[in-house]
Amino acid sequence: MCRIMVVDDEFTEREGMKYLIEKTGLRFEIEEETNGAAALERIQHGSEVDILMTDIEMPFMDGLELCIQAHALRPGLKTVIFSAHRQFEYAQRAIEAGVTSYILKPVRASKFEELICRLHKGWKEEQTVPAH
């Protein structure tokens, strides 16, 4: 089963993302954390996350730094950043960090569902590729 970690310091944001993920009808195992440092610690200690969805601004470690460090540990990890920041600089830094997708808040449900379906499809395809 595909595993998603939702990271946001705001409870309502995490709940909203989880609701939209579940609304797709696709089967996911969902973990959550309240900040980047806690999320990274879980990944370091063996959390088998396939998709990391994170806010950009959080205490202790921001979403960009989380993505950079998570990619160093798990190069194939898919990462999605959610941000209210429309400045190009944030998007540019996200691209440099290897982020899969950068979504502006407020998130439109239809766009979010489309993204989740695309990420799930990609994950399924990776699972069916035979190892060399």
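Trainee: Let's start with the strands: how many bridges join strand 1 to strand 2?

Mentor: Happy to begin there, keeping in mind that this is a predicted model. Strand 1 and strand 2 run parallel. One place to look is Ile4, which stands opposite Ile30 in strand 2. The number of bridges joining strand 1 to strand 2 is six.

Trainee: In what order do the five strands of the open sheet lie?

Mentor: The pairing in this sheet is parallel. Strand 2 (28-33) and strand 5 stand at the edges, each with a single partner strand, so one side of each has no neighbour in the sheet. Neighbouring strands are turned by 20° against each other on average, direction ignored. The order is 2-1-3-4-5.

Trainee: At about what angle does helix 5 run to strand 4?

Mentor: Helix 5 lies across strand 1, strand 2, strand 3, strand 4 and strand 5. Helix 1 lies across strand 1, strand 2, strand 3 and strand 4, and runs at about 175° to strand 2. For helix 5 and strand 4, the angle is about 170°.

Trainee: Is Thr54 buried or exposed?

Mentor: Thr54 is found in strand 3. Leaving out residues up to four places away in sequence, Thr54 touches Val7, Gly63, Leu66, Cys67, Val80, Ile81 and Phe82. Buried means under 20% relative accessible area. Thr54 has a value of 0%, so Thr54 is buried.

Trainee: How many disulfides does the structure hold?

Mentor: A disulfide needs two cysteine sulfur atoms within 2.5 Å. The sulfur of Cys67 is 16 Å from the closest cysteine sulfur, in Cys2, which is too far for a bond. Cys117 is in no disulfide either, as the nearest cysteine sulfur, that of Cys2, is 12 Å away. The number of disulfides is zero.

Trainee: How many residues apart in sequence are the parts that Lys105 and Glu13 tie together?

Mentor: The side chains of Lys105 and Glu13 meet in a salt bridge, at 3.8 Å from N to O. Both also belong to a network of salt bridges with Asp8 and Asp55. Lys105 lies in the loop between strand 5 and helix 5, and Glu13 lies in helix 1, so the parts they tie together are apart in sequence by 92 residues.

Trainee: How far apart are the closest N and O atoms of Lys18 and Glu32?

Mentor: Lys18 lies in helix 1 and Glu32 in strand 2, so this pair ties together parts that are 14 residues apart in sequence. Lys18 counts as buried at 15% relative accessibility, while Glu32 is partly exposed at 24%. In their salt bridge, the closest N and O atoms are apart by 2.3 Å.

Conventions
Residues are numbered from 1 along each chain as its sequence is written. This is a predicted model: local features need pLDDT of at least 70, side-chain atom pairs count only at pLDDT 80 or more; totals for chains, interfaces and linings use all residues. Side-chain values use heavy atoms; hydrogens and water are left out. Two strands pair if DSSP finds at least two bridges between them. Helices (H or I, at least four residues) and strands (E, at least two) are DSSP runs, numbered from the N terminus. Axes are lines fitted to C-alpha atoms, for helices over the stretch in contact, and angles run from 0 to 180 degrees between N-to-C directions. Contact means heavy atoms within 4.5 Å. Buried means under 20% relative accessible area, exposed over 50%, partly exposed in between (1.4 Å probe, protein chains only). A salt bridge is a side-chain nitrogen of Lys or Arg within 4 Å of a carboxyl oxygen of Asp or Glu.
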